[in-house]
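Here's a quick tour of a two-chain model, written for someone who likes to know the cut-offs. Take a look at the structure first, then read on.

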Amino acid sequence: MYDYIIIGAGIVGTNIARKLSQYNVSVLVLEKENDAANHQTTANSAIIHSGHDPKENTLKAKFCVEGNTLYEQMEKELQIPLLKTGAFVVAHNHDEELMLKDLYERAIRNGVTQIEFLNKEQASSLEPNLADSITQVLSLPSTKVTYPWEVAFACLENAIENGADFKKNSEVTSIKKNQDVFEIEINNNEIILAKSVISAAGIFSDQVAYLLEKNVPYQIFPRKGEYFVLDRKVKGLINHVLYPLPTKVGKGVLIIPQVHGNILLGPTSTLQDEKELASNTKVGLDQIKRDVKAIAKNIPFNLVIRTFAGIRASSSFEDFYIQESKEYTNFFHVAGIDSPGLTAAPAIAEYLVDHILNHQLIKKENYNPLRTKKPTFYNLDFEKQQELLKENPRYGNLVCKCEKITEAEIIDAINGPLGNDTIKGIKKRARAGSGLCQGGYCEEMILKIIARETNQSLDQINYYGLNTPILAKETKVKL
Amino acid sequence: MIKDLVIIGGGAAGLAAALSANDPKIDILVIERERELGGILNQCIHNGFGLHVFKEELTGPEYSARYMDEFMNLNIEFLLNTTVVDVKKNDDFELTVSSFDQGLFKIQSKAVILSTGCYERTRGSITLPGERPKGIMPAGSAQRYLNIDGYLVGKSVFILGSGDIGLIMARRMTLEGAKVLGVAEIMPYSNGLTRNIVQCLHDYDIPLYLSHTVTDIKGKDRLEQITIQEVDQNFNPIENTQKVFDVDTLLLSVGLIPDISLFDSLEFIKDPMTKSAIVNQYYETNVQGLFVCGNALHVHDLVDYVSIESEKAGKSAQNYILNLNSKTKSNNVHEIKYNEKIRYVVPQLIDFQSINAPIDFSFRVTKKMEKAIFTVIQNNQVIYTKKAKHLAPAEMEKITVKPEMLIDQSQISILLEEVLT
Amino acid sequence: MRDMICIACPIGCHLHIDDNLKVTGNLCKKGEKYAIEEMTHPTRILTTTVKTNNKDTPRLSIKSRNPLPKELLFHALQILDSIIIKNNVKIGDIIVKDILNTGIDMVATKNVAMKSLTKE
């Protein structure tokens with residue numbers, strides 16, 4: 001029996017796992033997909049917001065500002081990438097400048113300390129490709145950008161290193177409480193017992209809660225956001241995260257420099273019924289093309305390498321819902337974590353464990369907060385590369401030529417406690433296939449490496465989920 | 001390692017360039033990233049190559065073998081499973097090169113020929129809407145999995161793009177047991193050879209939907225269904241023309257792009273029409289000693305023309321190296337002008353400093369023309385005219401300007417006009 | 001009767017051939033010949049691959065030396081499915097002699113050495 005079962009290995013679930021792994025408790029993270037970090041965690045703007053936007057006196061505001069600071073500590077401990085871009089919120093006219101002033105005041109009340117106004121000239125000298133129609137910007141130097149799924153992986157790796165367990169391909173299909181013990185059924189099959197359950201199930205939070213509760217105190221409204229991804233050749237074109245003024249439906253279509261040099265354009269914001277239909281639409285993508293013109297000029301749409309969409313877990317509660325169940329003790333909701341969820345995640349974990357659980361937790365003596373990241377070969381200098389090559393000649397075999405990823409890094413991504421044997425899993429960990437040709441060249445090589453390392457045949461290697469083989473059928477084989 | 005000439009890419013272009021650059025005084029190295037020479041021809045197991053160069057119809061591997069056999073006989077040095085990772089230039093070129101066998105090392109070279117071929121346009125770059133399941137891939141990737149590795153990527157297939165690669169794969173997948181439900185082409189005409197329309201589509205009753213494109217893709221993990229729609233003259237989808245297909249595979253044959261990112265740091269001047277370097281009649285870029293040929297220079301439809309062009313580039317590189325000490329910078333270089341019926345011309349520049357051989361201009365037209373006339377003009381005088389028939393954007397054409405046609409060293413214009421009967 | 005596009009030259013005349021094998025729409029004799037052949041005895045060069053037992057080069061590309069009767073293509077492919085190449089092959093080597101009694105050989109189009117070239 002586990003002390004804690006966490007449902008969902010997204011950015012929130014993995015942060016909670018890491019926090020709990022500091023204590024003398026047993027933790028199991030359950031994830032229904034074939035990898036950690038899916039859905040919202042892999043389809044967002046990657047921004048660590050300053051905290052100018054959330055409504056005052058909400059958990060969103062509080063945890064956004066706290067999380068922003070906590071990321072700097074995570075950068076040191078977990079070696080996650082953290083690009084200190086700063087941000088501009090832009091105004092085009094007097095009315096918008098008044099709105100900027102409101103935002104400024106809200107930011108101050110939320111606890112944002114680094115904030116100032118810049119006029120057109122100052123802003124343009126720092127950001128030469130700002131749209132000409134912009135008259136004033138609100139500068140938020142504490143805004144940063146990270147690589148969201150790597151943060152989730154790092155948290156989960158660290159949690160596992162400190163004793164936590166992780167089970168993927170494990171969909172929770174029923175939750176019963178029998179006296180003081182929860183019986184969690186996964187895949188209509190196996191039952192696992194736990195003293196406490198923490199649901200960090202993202203878009204499925206209400207569905208999961210209904211497995212146990214009669215009246216779930218919130219409803220999740222799926223809200224889709226579409227994006228463009230520009231090739232990392234555009235690095236340097238835009239240096240800050242650029243926001244328009246926020247509206248009722250959200251922060252608007254942004255321009256977001258990414259840690260590896262790419263630029264994201266988006267997201268849109270459309271309510272829908274389906275929880276998992278993350279499709280791109282002509283209407284959505286056209287909207288992004290129009291909206292970004294008001295923020296920046298010279299955006300090279302010929303360097304679009306990809307589009308994607310994510311579904312936000314917006315909730316009827318309108319703030320983060322982080323509370324113990326009113327029907328069953330020791331069942332905890334961490335729900336409605338849409339923006340600024342990525343930023344808030346470490347602060348949410350602290351709050352949940354320190355203030356909501358109300359369990360007497362004893363810190364582990366040998367807790368190790370550090371996670372060492374394996375090297376990215378082509379970020380090293382020539383001498384360090386030669387050293388690594390002596391140990392492992394597979395660094396010499398370049399696999400993804402667009403992003404410069406070697407065979408050794410791909411093997412690292414396959415192995416390890418959070419290793420993965422799917423094409424998309426490798427892409428999330430090693431970036432192979434994320435570049436200009438989108439795997440057109442390297443997918444075949446990666447397939448062969450995975451097959452060799454995991455002792456499978458080529459047609460057993462999946463794209464992502466179980467039963468998504470890239471190759472349908474070997475030809476000329478007698479059945 | 002120090003070389004006189006490094007040729008990056010050992011496919012059709014690189015092999016032809018190596019053969020013609022070969023000279024006892026020149027130390028040549030061909031660098032190839034695959035486990036064998038031959039490039040894309042290795043997976044092009046179909047017929048249609050060599051009609052111009054060998055006056056025979058050969059399959060891809062057979063055509064490639066003609067050059068490879070001679071290459072091996074000449075004992076030109078080459079490296080397999082080796083990738084060029086970076087290129088810098090001071091006086092000479094410094095290439096950083098990587099392989100499993102030799103690790104990471106540097107090569108210094110007086111000249112470089114870039115014959116790296118091209119890569120396929122992806123789903124993302126044409127912003128195909130819909131979900132993003134597995135089962136959508138470029139046609140060339142599917143071709144490689146099938147012809148080299150021996151695997152079908154799917155059992156029920158739809159193909160977007162009616163260029164030859166799409167048509168060839170329609171037939172190939174069918175022959176190996178898949179069901180191909182159709183080919184959609186956004187233009188009102190097919191880009192491929194008529195022979196391929198007949199022998200890849202008609203032969204197997206595979207419908208061709210002209211003026212159609214894919215407007216939706218359904219499937220969370222695995223592709224389940226695609227929707228195509230008719231488009232108007234502005235390529236916008238027309239309402240209520242949706243046709244739905246239940247498929248597990250969507251192959252994309254939507255364009256090829258020269259693979260030259262490696263050289264971005266050298267800042268050579270590019271032609272936005274070819275998406276590659278601007279070159280003179282020696283196939284040399286504005287970066288001295290850097291030559292480009294084959295699909296890396298502009299996307300060809302016949303490998304024969306790749307070989308012919310690359311032979312010239314190889315010869316130019318050879319001359320460059322042998323005359324390095326006496327080379328002076330030319331100040332008499334002119335851009336070729338052309339009118340709106342021509343999409344692009346390669347080479348884009350003429351260096352008038354020393355023209356001693358005929359110059360083949362390769363070009364593509366912007367629309368189909370049954371009958372047309374070329375006029376080459378210099379200094380307001382017509383120096384050459386040529387009639388042409390059956391011009392199409394999908395078929396690269398040539399026009400040869402001989403040195404004796406030129407009246408002086410001023411700019412040349414090539415004009416193409418349709419002859420309407 | 002049938003409609004077809006001639007492939008003998010780039011013009012691509014739209015041909016019509018009736019049940020008496022009378023051809024219309026052609027601009028030259030080649031078109032007439034093509035239409036009659038397509039109607040009575042259509043043939044195609046078959047290019048495909050066969051399996052090898054070499055892990056590094058699991059497929060060998062082959063072709064029919066001459067065009068095969070079109071109606072025999074899928075049967076020919078079935079026969080070829082059971083071939084396994086075990087020895088070194090040179091371009092032109094006969095892989096299947098006189099396939100389906102057509103008098104036409106299937107020949108290799110690639111030089112392949114069965115010895116493994118890679119170290120893994």
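## Where the chains meet

Strand β23 of chain A and strand β11 (residues 151–152) of chain B pair up in the antiparallel sense, over 2 bridges. Pairing here takes at least two DSSP bridges between two strands, and the elements are DSSP runs numbered from the N terminus: helices are H or I with at least four residues, strands E with at least two. In this pairing, A:Glu474 sits opposite B:Tyr151 of β11(B). Strands of a sheet pair through backbone hydrogen bonds, either parallel or antiparallel.

The contact as a whole draws 42 residues from chain A and 37 residues from chain B, with contact meaning C-beta atoms, placed from the backbone, within 7 Å. On the chain A side, the elements giving two or more residues are α8 (282–293), β18 (304–315), α10 (382–391), α13 (443–454) and β23 (473–474). The largest share, 5 residues, comes from β18(A). By class, that side of chain A has 17 nonpolar, 13 polar and 12 charged residues. Nonpolar covers Ala, Val, Leu, Ile, Met, Phe, Trp, Tyr, Cys and Pro; charged covers Asp, Glu, Lys and Arg; the others, Gly among them, are polar.

## Ground rules

This is a predicted model, with local features needing pLDDT of at least 70 and side-chain atom pairs counting only at pLDDT 80 or more, while totals for chains, interfaces and linings use all residues. Residues are numbered from 1 along each chain as its sequence is written, and chains are lettered from A and ligands numbered from 1 in the order in which they are written.

## Inside chain A

How many residues of helix α12 (residues 423–430) of chain A are buried? The count is 8 of its 8, where buried means 20 or more other C-beta atoms within 10 Å of a residue's own, with C-beta atoms placed from the backbone. Charged side chains are on the list too, including A:Lys424, A:Lys427, A:Lys428 and A:Arg429. The cover includes α6 (148–161), β22 (405–406), α11 (407–414) and α13 of chain A.

## Inside chain B

Chain B is assigned domain 1 (1–120 + 255–327), domain 2 (122–254) and domain 3 (329–421). The C-alpha centres of domain 2 and domain 3 of chain B are separated by 36 Å.

An open antiparallel sheet of 3 strands runs in the order β25-β27-β30 in chain B. Its edge strands, each pairing on one side only, are β25 (342–346) and β30 (397–401). Strand β27 (residues 359–365) of chain B pairs with β30(B) over 5 bridges, antiparallel, and B:Ser362 has B:Lys398 as its bridge partner in β30(B).

Note on methods: Contact = placed C-beta atoms within 7 Å. Domains from an automatic or database assignment. Buried ≥ 20, exposed ≤ 12 C-beta atoms within 10 Å, placed from the backbone.
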